[in-house]
Amino acid sequence: MEEMFIIDTIAQWVVVLCLGYYGMTNLQWYNYSFKRALLMHHKWQWHIYYFILPLAVYVGSIFIQEPLSNYVLIGLSIIYFIAIAIWTIQLDKRLNFTQRVLKFFIIFFIFMTFNEALCYILDVNSRLFDLMPLVFASIISKIYENILLNRYIILAKEKLDIMSRLIIIGVTGSYGKTSMKNFLAQILKEKYRVYATPRSVNTHTGIVADINQNLDYITEIYIVEAGARLKGDIALIAQFLNPHYAVIGEVGEQHLEYFKKLENIVETKFELLQSSRLKKAFVFKDNPKPSHIEPNINKKIEYFPENVRNIEANLDSTSFELFIKGEWHYFETMVLGAFNVVNLSAAIYMGVELGLQVEDIQKAVKRIEPVPHRLNKIQTHQKLIIDDGFNGNLKGMKESIRLCSLYQGRKIIVTPGIVESTKEANIELAQAIDKVFDIVIITGELNSKILSQHICNTQKIILKDKSMLEDMLKSCSQAHDLVLFSNDAPNYI
C-alpha cells in the first residue's frame, strides 16, 4: 500500500511538472503574455494535445475508483512524459532556463512539496490539489517579476540620469530596424563611443535589463531598437528613454495579425516620436503617415532618402549615390540587397547630423559588415549559401530572390513563406519563387498549402519537420548550386 502511494505521488508530480514545462515553454515564446500564448498561438492544436487532453484525463482519473484510477494516472504520466520529451526534441527553440524560468520552477516545487505534506497530514487525496501549485506559482511568479521589473526600471532610470551627456537614438520600423541599428553603430563609432542593444533586444523589459547590465558609463551614444506587438508598446519605450533622435524605417503590414490593420501599425511606429527631448526624427519618405502629428513634432521630421540614384546591387556588393547637403556622394558596401540602400541612407544621414565628415562615412560604409542571417553570402562545400534567415518581409525576400536570379547555376530556396502577414503577400512570394528557383523546400505547415498552390514550375518539397532539412539538402543539391535560406520561422510557427 505504501509502495502504491509513492508510485501514485511520483505519477502526479510527473503530470503536473509536464503541464508546467509545456506552459512555461509557450509563455517564453510569446514574451510571457498569457493572452498571446492562448489566443495568438500559431499551432493551437498543441494546446489540445499537450495540455487540455492530459489535464482532462488527469482530472477524470480523480472520479474513477481505485485501483483503476491509479493505473490510469500511472499510464498517463508515462505517456505524457514521453510525448513531452519527443515534442521537446523536435523543437528548434526549446525552453531557455533563464532566471525567470528557474524562479517559477523553484516556487512551483516549494508549493508542490507543501501541498503534498499538508494533504498527507490531513489524510486527503492530493491529486486535485496538486494542480494548485501551478496556479500559485504562475501568480506569485508574475507578481514577483512585476516588482522586480519596477525596481529595475528605477535603477535604469537613475543610471541614465547620471549619464547626462549620453545621446540616445531610437530605431524602429516594420522591417530593417536591426540592420539600421547595426549600420548606425558601425558608422558612428568612427567618432564616438557607441553601444547598441544586442541581437533583437527591442522590448521595454529587454531594454531595461540591457541598460542595467551592459550599458557602460563611458558610452557616448546609445542606439536602441524598439519593437512592438500591440499599440502603446513603443510609446512605453519612448517615454522611458526620451531619445534625442528617432529613426523610423519602412512601415508595412508586418505583424498584421496582432495589429489588425495598417493604420494601427503606422500609429504604433510613430509613437517613437513621443519624446520630451526629441531633436530630430529621420522617417522613410514613402511611409504612410499617421492621422495626426503634433505641429512641433512635424517640424522635427526629415524624410529619407532625400535623393538616391545609380543603385547597383548584385551578389558581390551594393553601390549607390546619395544627395547630401546639395551634393551627390558615392557609397559602396559589401552589404547585399537594394533595400539596404534605404537602411544605409538613414545611418548616413544620422552620421552627418552628428558631425561626421562624408569622407569618413564613405570609408565606414565600405567596411560595414553584413548583419548575421541577413543576406550573408557563404561559400561552402562547393555551394553558394545565401543566409537570409532573419529577413521575413515580402520586399526583402523578393530582393533576395532577385539577387539569386543573377546566379547562373541551379538554385534552391528553403523557406516557410512569410509569417504574420497576408495571404496576398505569400501568393506574390510564391509567384516570385516560381520564376527563379529549380527547387523549393517549404518548411512548416503554416504557409505550405498556399505556397504549393501558386508554385507550378518549381519542384516542391514540403518538410513539416525541419530536423530532416540537412538530409534533404544533401539528397537534392549538387555541386555549384546556390541555396537561399529565406526566412527561418521557428517550428512552433
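Reply:
**Helix α7 against helix α13**

Helix α7 (residues 177–188) packs on helix α13 (residues 340–353) at an angle of about 40°, and their axes lie 9 Å apart. This is a predicted model; local features need pLDDT of at least 70, side-chain atom pairs count only at pLDDT 80 or more, and totals for chains, interfaces and linings use all residues. Residues are numbered from 1 along each chain as its sequence is written, and side-chain values use heavy atoms, without hydrogens or water.

Axes here are lines fitted to C-alpha atoms, for helices over the stretch in contact, with angles from 0 to 180 degrees between N-to-C directions. Helices (H or I, at least four residues) and strands (E, at least two) are DSSP runs, numbered from the N terminus.

Why is the pair α7 and α13 called oblique? Angles under 35 degrees count as roughly parallel, over 145 as roughly antiparallel, 65 to 115 as roughly perpendicular, and the rest as oblique. The angle is about 40°, so α7 and α13 are oblique to each other. Their crossing is right-handed.

Now the contact residues (contact means heavy atoms within 4.5 Å). α7 brings S179, M180, F183, L184, I187 and L188. They meet N340, N343, L344, A346, A347, I348, M350 and G351 of α13. By class, this contact has 10 nonpolar, 4 polar and no charged residues. Ala, Val, Leu, Ile, Met, Phe, Trp, Tyr, Cys and Pro count as nonpolar; Asp, Glu, Lys and Arg as charged; the others, Gly among them, as polar.

From α3, W46, Y50, F51, P54, V57, Y58 and S61 take part. Among their partners in α4 are L73, L76, Y80 and W87. The residues of this contact divide into 13 nonpolar, 2 polar and no charged.

Charged side chains do pair elsewhere. The structure holds 12 salt bridges (a side-chain nitrogen of Lys or Arg within 4 Å of a carboxyl oxygen of Asp or Glu). E399 and R402 form one, 2.9 Å from N to O. Both lie in helix α15 (residues 394–405), 3 residues apart, about one turn. E399 is buried at 10% relative accessibility, whereas R402 is partly exposed at 33%. Buried means under 20% relative accessible area, exposed over 50%, and partly exposed in between (1.4 Å probe, protein chains only).

R410 and D481 form another salt bridge, with the closest N and O atoms 2.8 Å apart. This pair links distant parts of the chain, 71 residues apart. R410 sits in the loop between α15 and β12, and D481 in the loop between α18 and β15. R410 is partly exposed at 27%; D481 is buried at 2%.

In helix α18, E470 and K474 are 4 residues apart. They form a salt bridge at 3.7 Å, and both are exposed. Salt bridges that share partners also join K280, E302 and E353 into one network.

Finally, the whole. The protein has 18 helices and 15 strands. Of its 493 residues, 53% count as buried. The C-alpha trace spans about 90 × 60 × 40 Å along its principal axes.

How values were computed. Left-handed = near helix turned anticlockwise from the far one by under 90°.
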